[in-house]
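Please read these points with the model open beside you. They go from one end of the chain to the other, with a few stops on the way.

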Amino acid sequence: MELEEVYRRDLNLLVALRVLIEESSVSRAAMRLSLSQSAMSRILGRLREMLDDPLFIREGQNLLPTEKAIETDKLFSEPLEQLCRLLSPIKFEPISCEKKFIVATTDYSMQTILPYALPRIYKEAPNVSFEFIPLQQHKLAEQLAYGGADLAICRPDKTSDILHSEILGKVGVLCLLSKQHELATKELTIEDYLSFPHAQIAISEGVRTLIDRALADKPRPRVVLSAYHLETALAIVDSTPLIINVPADLAYLVAKRYDLVVKELPFIMPFNYSMIWHPRCEHSAAQDWLRNVFKEEFSRLIAQRVTDIGIE
């Protein structure tokens, strides 16, 4: 039978069949379903017509189901139980969740936010899995709607009114320099910032836009390297006098790992980092739990940042 034909059938009749079998009485079944006895009798008539079988044989005060009725109820039993579970309110339990989450993200969140959040996530929900995909800022709405991504972690997106978002917190911007850079021991001035070559990497795509706005009346810095991964720029930072612009948390993490110098920008430019999701994920208990974990762990990251390195 085709799906369209199933749609035209009244499947509520099969629920009524289950009640009739359990009650063995039209009047008791009617009472249980809050129907009149005559209405229940009409339902039994429609059941007999749909299934082309008497379905019940009267014996005294009770109705005995036919083989057809018993066989039909048995076949419908598992789908009915699944339907009951589907329609029943379910409290989300992370420990039993086996969902795969797809998160579109930047190098910044991969190296800062996620290392904070993942240990807690896997402790609370050991059976979940993740796929992290590169963020496509200019196609974010499509990526969340059709590209399979459940969540994006990035700068707020203003390209689509349909997307939902929540701010995680403010991110500062700092510069990374090699210790051999001639500016390594100097205070970074706007003139110095503009006169030395820059590396532009994917993590700073959103940052670059903000920098361009802050320097709207100044010459553009010379970009000598454009790459997606931060490591590409770090590979030549000792041999080329690069200035690399990165979010503050990542700047300190990378500086410690690669023995680099961190400099403040010669202009102030904090910006928000957000979680962004499509309305299709708004009412998912699993997605809501994941977003809450990310928000709480990012708050911890900010608190540690303020305590350890004084960045607000």
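1. Over residues 9-66 the chain is 59% helix and 14% strand, and the end C-alpha atoms lie 22 Å apart. Helices (H or I, at least four residues) and strands (E, at least two) are DSSP runs, numbered from the N terminus. UniProt, in an unreviewed entry, lists residues 9-66 as "domain: HTH lysR-type". Its positions are given in the numbering used here, feature names are shortened, and annotations may be inferred rather than shown by experiment.

2. A word on the source. This is a predicted model: local features need pLDDT of at least 70, side-chain atom pairs count only at pLDDT 80 or more, and totals for chains, interfaces and linings use all residues. Residues are numbered from 1 along each chain as its sequence is written, and side-chain values use heavy atoms, with hydrogens and water left out.

3. Look next at strands β1 (residues 56-59) and β2 (residues 62-65). They pair in the antiparallel sense over four bridges; to pair, two strands need at least two bridges found by DSSP. β1 and β2 form a hairpin with two residues between them. In the turn, G60 has a positive phi of about 65 degrees. F56 stands opposite P65 in β2. R58 stands opposite L63 in β2.

4. How do helices α2 and α5 cross? The axes of α2 (residues 12-23) and α5 (residues 67-87) come within 10 Å and cross at roughly 115 degrees. Axes are lines fitted to C-alpha atoms, for helices over the stretch in contact, and angles run from 0 to 180 degrees between N-to-C directions. The crossing is left-handed: the near helix is turned anticlockwise from the far one by less than a right angle (clockwise would be right-handed).

5. Which residues meet there? L14, V15, L17, R18 and I21 in α2 meet A69, T72, D73, F76, S77 and L80 in α5. Contact means heavy atoms within 4.5 Å. By class, the contact of α2 with α5 has seven nonpolar, two polar and two charged residues. Ala, Val, Leu, Ile, Met, Phe, Trp, Tyr, Cys and Pro count as nonpolar, Asp, Glu, Lys and Arg as charged, and the others, Gly among them, as polar.

6. Helix α5 also holds E67. Is E67 buried or exposed? E67 is exposed, because its relative accessible area is 65%. Buried means under 20%, exposed over 50%, partly exposed in between (1.4 Å probe, protein chains only). E67 and F132 are 65 residues apart in sequence and 54 Å apart in space, C-alpha to C-alpha.

7. Now the open sheet. Its five strands have the order β9-β8-β10-β7-β11, with mixed pairing. The edge strands are β9 (223-227) and β11 (261-264), and each pairs on one side only. The twist averages 35 degrees from one strand to the next. Strand β7 (residues 173-177) pairs with β11 in the antiparallel sense over four bridges. L176 has V262 in β11 as its bridge partner. Helix α12 (residues 248-258) packs on the sheet, touching β7, β10 (243-247) and β11. The direction of α12 makes about 25 degrees with that of β7.

8. Last, H278. It sits in the loop between β12 (271-277) and α13 (285-309). H278 is buried, because its relative accessible area is 15%. Leaving aside its neighbours within four places in sequence, H278 is in contact with L144, A145, I162 and L163.
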